[in-house]
Amino acid sequence: MNLRIKRDGAGLPLIQTERLVLRTLSSLDAEALFKYRSKAEVLRFQHFHPTSIEDARDFIARASRSFTTESTWHQFGIFLQNGLIGDIGVHFFAGKNRNCEIGYTVDPSYQRRGYAREAVWGIVGLLFHELKKECVFAVVDVQNTPSIGLLRSIGFAELSSAPKAAEALQAGGMPECAREEVCFELTFDAWRSRSTEL
Ligand SMILES: CC(C)(COP(=O)(O)OP(=O)(O)OC[C@H]1O[C@@H](n2cnc3c(N)ncnc32)[C@H](O)[C@@H]1OP(=O)(O)O)[C@@H](O)C(=O)NCCC(=O)NCCS
């Protein structure tokens with residue numbers, strides 16, 4: 001998959017995939033984000049539900065303030081020909097900050113066209129290639145079949161054993177995972193071995 005990573009005027013990453021542009025969300029994106037983030041299909045599995053455009057604007061302001069800062073989320077928009085069709089966030093952990101967690105949403109009107117796979121692949125490219133992270137995690141509700149299918153299609157593996165989880169924690173942080181959730185990981189080596197396939 002073709003990937004170009006540049007920096008914008010503020011030094012933030014600008015990622016170009018075959019069909020998409022991924023860039024940090026701005027307050028101008030609040031209305032579009034509110035529209036798809038309030039759809040029922042999205043609410044089912046997303047923790048954050050904007051209750052108004054103003055709420056969406058606050059969310060964007062919080063999640064675009066800093067990049068790579070420990071214990072913060074940074075939210076990128078997924079853009080198709082200048083229109084916002086989704087978002088993808090990166091959680092930079094506290095401590096050694098060598099691992100990250102991602103979370104994503106695609107507007108239901110644009111789903112099942114491979115856009116999430118393209119966006120996630122773009123973000124993991126940034127995290128491994130440019131930011132030299134060692135492992136990328138995603139935490140998913142066990143009933144979220146689309147998200148689990150997406151992660152597997154990219155090469156993420158279920159982190160099922162406690163020793164592996166302890167190892168990941170030791171290596172540089174990992175997300176919290178509740179009983180009804182499952183944690184997936186993509187290691188640098190797994191990413192590198194898939195990078196010619198996708
Ligand atoms: C999960 C989500 C981002 C997938 O977005 P998408 O753009 O439709 O995904 P893609 O088209 O890139 O699909 C990639 C792969 O994911 C899997 N997949 C996606 N949607 C699926 C579905 N409805 N059922 C089963 N598998 C699905 C498939 O393996 C698919 O590959 P394929 O189309 O070649 O079979 C989208 O469903 C979404 O935004 N859901 C609501 C928010 C959410 O749950 N976010 C994740 C929280 S952890």
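Trainee: At what angle do helix H1 and helix H3 pack?
Mentor: Helix H1 (residues 30–37) packs with helix H3 (residues 53–62) at an angle of about 110°, and their axes are 8 Å apart. That makes H1 roughly perpendicular to H3. Keep in mind that this is a predicted model.

Trainee: Which residues meet there?
Mentor: From H1 you have Ala30, Glu31, Leu33, Phe34 and Arg37, and they meet Ile53, Ala56, Arg57 and Ile60 of H3. By class, that contact has six nonpolar residues, three charged and no polar ones.

Trainee: OK, on to the sheet. What's the strand order?
Mentor: The order is E1-E2-E3-E4-E5-E6-E7-E9-E8, in an open sheet of nine strands with mixed pairing. E1 and strand E8 (157–158) stand at the edges. Each has a single partner strand, so one side of each is left without a neighbour in the sheet.

Trainee: And what holds neighbouring strands together in general?
Mentor: Strands of a sheet pair through backbone hydrogen bonds, in either a parallel or an antiparallel way.

Trainee: Which sense is it for E1 and E2, parallel or antiparallel?
Mentor: Antiparallel: strand E1 (residues 4–7) pairs with strand E2 (residues 13–16) over four bridges. To find one on screen, take arginine 4, whose bridge partner in E2 is glutamine 16.

Trainee: How many residues sit between the strands of that hairpin?
Mentor: Five residues lie between E1 and E2, and in this hairpin glycine 11 takes a positive phi near 85°.

Trainee: How many bridges join E2 to E3?
Mentor: Three bridges join E2 to strand E3 (residues 21–24), and the two run antiparallel. For example, isoleucine 15 has leucine 22 of E3 as its bridge partner.

Trainee: Which strands does H5 touch?
Mentor: H5 packs on the sheet and touches strand E7 (135–141) and strand E9 (181–187). The direction of H5 makes about 155° with that of E7.

Trainee: Let's switch to the ligand. Which residues are closest to it?
Mentor: The closest are Gln111, Ala116, Pro146, Gly149 and Leu150, out of 22 residues that surround the ligand. The shell divides into nine nonpolar, 10 polar and three charged residues.

Trainee: Which elements supply that shell?
Mentor: Strand E6 (99–106), helix H4 (115–130) and helix H5 (145–154) each supply at least two residues. H5 gives the largest share, six residues.

Trainee: How do H4 and H5 pack against each other?
Mentor: Their angle is about 55° and their axes are 10 Å apart. That makes H4 oblique to H5. H4 passes H5 in a right-handed crossing.

Trainee: And which residues make that contact?
Mentor: In H4 they are Ala116, Arg117, Val120 and Trp121, which meet Leu150, Ser153 and Ile154 in H5. Five of the contact residues are nonpolar, one is polar and one is charged. Ala116 and Leu150 are also among the residues closest to the ligand.

Methods. Residues are numbered from 1 along each chain as its sequence is written. This is a predicted model: local features need pLDDT of at least 70, side-chain atom pairs count only at pLDDT 80 or more; totals for chains, interfaces and linings use all residues. Two strands pair if DSSP finds at least two bridges between them. A residue is near a molecule or strand if its C-beta atom, placed from the backbone, lies within 6 Å of it. Ala, Val, Leu, Ile, Met, Phe, Trp, Tyr, Cys and Pro count as nonpolar, Asp, Glu, Lys and Arg as charged, and the others, Gly among them, as polar. Axes are lines fitted to C-alpha atoms, for helices over the stretch in contact, and angles run from 0 to 180 degrees between N-to-C directions. Angles under 35 degrees count as roughly parallel, over 145 as roughly antiparallel, 65 to 115 as roughly perpendicular and the rest as oblique. A crossing is left-handed if the near helix is turned anticlockwise from the far one by less than a right angle, and right-handed if clockwise. Two residues are in contact if their C-beta atoms, placed from the backbone, lie within 7 Å.
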